[in-house]
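Hi,

Here is the structure I said I would pass on. Have a look at it first, then read my notes below.

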Amino acid sequence: RTITTIRAGCCCVAVVVASSAATARDRARCEESAESQSLAVTSAAARSRRALRAATLPKEVQPTTKSITFSNMLFGKTVAVALAAFGGAPVAALVAHQPAVGARRRSHQPAQQTIVSMSDPNQFGQGPSLQWGGTDTTTSGARKLSEALEEADIERKKAVEEAERRAKWQEMERAEKLRKVAYMKEMPDHTPAGSVSEYMFKEGVKETLEKLDYDLVGLKPVKKRVREIAALLVLDKMRRKLGFDTAVPSLHMCFTGAPGTGKTTVAVRMGQILAKMGYSRSGHVVVATRDDLVGQYVGHTAPKTKEVIKQALGGVLLIDEAYYLYNAANDRDYGQESIEILLNFMENNREDLVVVLAGYKDRMDRFFSYIPGMNSRIGNHIDFPNYEVDELFEISQVMARDLEYTLAPGAEMVFKQYIQRRMQMPFFSNARTVRNAMDRARMNSAIRVFDQAINGYNPMVTREDLMSITPQDFQVILDEALAAPDDAILA
């Protein structure tokens, strides 16, 4: 045996490398001895690390490293001893074993030597916490724990403040209720709250309803329903004046009917009434369709829907042909997301948003069957019936009056014939068809007066010529409708 002793300072580390043996029993005994000594050296290194962590090192002392390598050429064992001395005191040693000679001989790989130095503590599986001036993981953990405790304390304070605020609010609510009860007991039953006419006039509701009668022909059920809603709002405001409890009624509406029956006009008038009664901030009307609410890809629908709702806050949101928002044949349709957002806003923003859904009655009924939550949030269902022929002629007179035209004698009969023929053809749109007919009649009147002036029949154009729509002007569009087949599409 060869025994090598290394001394540094007052401590020493001995590493004994076994020499070759003649028999296999000797080789095994040597391997066991080397392994036991390796374990002893590793244990000494661990004790040195713990001593290094606990000790306070002076700044002027700089570590020095000495490395000594011993090789056992016979068994392929390589022992690397690294001594890090602080003031001459040895700190640790590490023994690294290489494969045996037999294994190396089988793999035909050359023997390697490994030198490990204590100057790099990471070689021993330890982090920077063992280095002088490093950051200890326990310190970081303690800092995080203190932050968590501080955050928990802040949350506790917020919860206490919220509980105190809630208790204060409940106390104020209780005191206000007691004051109101006492006031109601002392108030005589004959205390005047004011006249309905006074409220109707002062708030401008009467003017709005009169304008609705002036602009819209027919639609008696619709006008009756609008008056009922206005009566509820007026009486509710009178109750509020005397101190009664009031609640904002469900003002969301559904307008069903064919195109051109006045749904948009009624929505505008309702917005004006709500604004004058104080149930909406501005009373403006935002008209939207599926294209305005539903996106084309994932994540696009929510921003579009919220943007339209944001524009309509404080007024009325009219969704025309609302049944197109839901597509029952496509499970991946994005309209369902838009409907969910609308339901949320309709429930949580009733005081600042009135939603009006419009469309054909049969399709709206089917839409409500798919979305029952939407039907339960609509408090006012108003059906707009189709106009009769006489009512459509009255609408044409209203349009002529607004444009400062007059219908000549005989024009009524020709116009009614045209309307009757147009009702038998597809895409009849009530008042919109009347508006298109009036535009065509005005154009024919302009062509007639222009040709007469150019050809010399009537070179001087009078005021009556500029304001009159004759039966001839309607006869032109009637002849076109009579000559067209029943399935033809006309304006």
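**Salt bridges and a helix**

D365 counts as partly exposed, because its relative accessibility is 39% (buried means under 20% relative accessible area, exposed over 50%, partly exposed in between, with a 1.4 Å probe and protein chains only). Its side chain meets that of K361 in a salt bridge, 4.0 Å from N to O (a side-chain nitrogen of Lys or Arg within 4 Å of a carboxyl oxygen of Asp or Glu). Both residues sit in helix α11 (residues 361-370), four residues apart, about one turn of the helix. Helices are DSSP runs of H or I with at least four residues, numbered from the N terminus.

Before going on, a word on the source: this is a predicted model, where local features need pLDDT of at least 70, side-chain atom pairs count only at pLDDT 80 or more, and totals for chains, interfaces and linings use all residues. Residues are numbered from 1 along each chain as its sequence is written, and side-chain values use heavy atoms, leaving out hydrogens and water.

The whole structure has 19 salt bridges. In one of them, K223 pairs with D213 at 3.7 Å, N to O. K223 belongs to helix α6 (residues 220-242) and D213 to helix α5 (residues 205-215), so this pair ties together parts ten residues apart in sequence. K223 is buried at 14% relative accessibility, while D213 is partly exposed at 32%.

Another salt bridge joins D390 and K416 (3.1 Å, N to O). That one links distant parts of the chain, with D390 in helix α13 (residues 389-402) and K416 in helix α14 (residues 411-423), 26 residues apart.

Cheers

Methods
Helix = DSSP H or I, 4+ residues; strand = E, 2+ residues; numbered from the N terminus.
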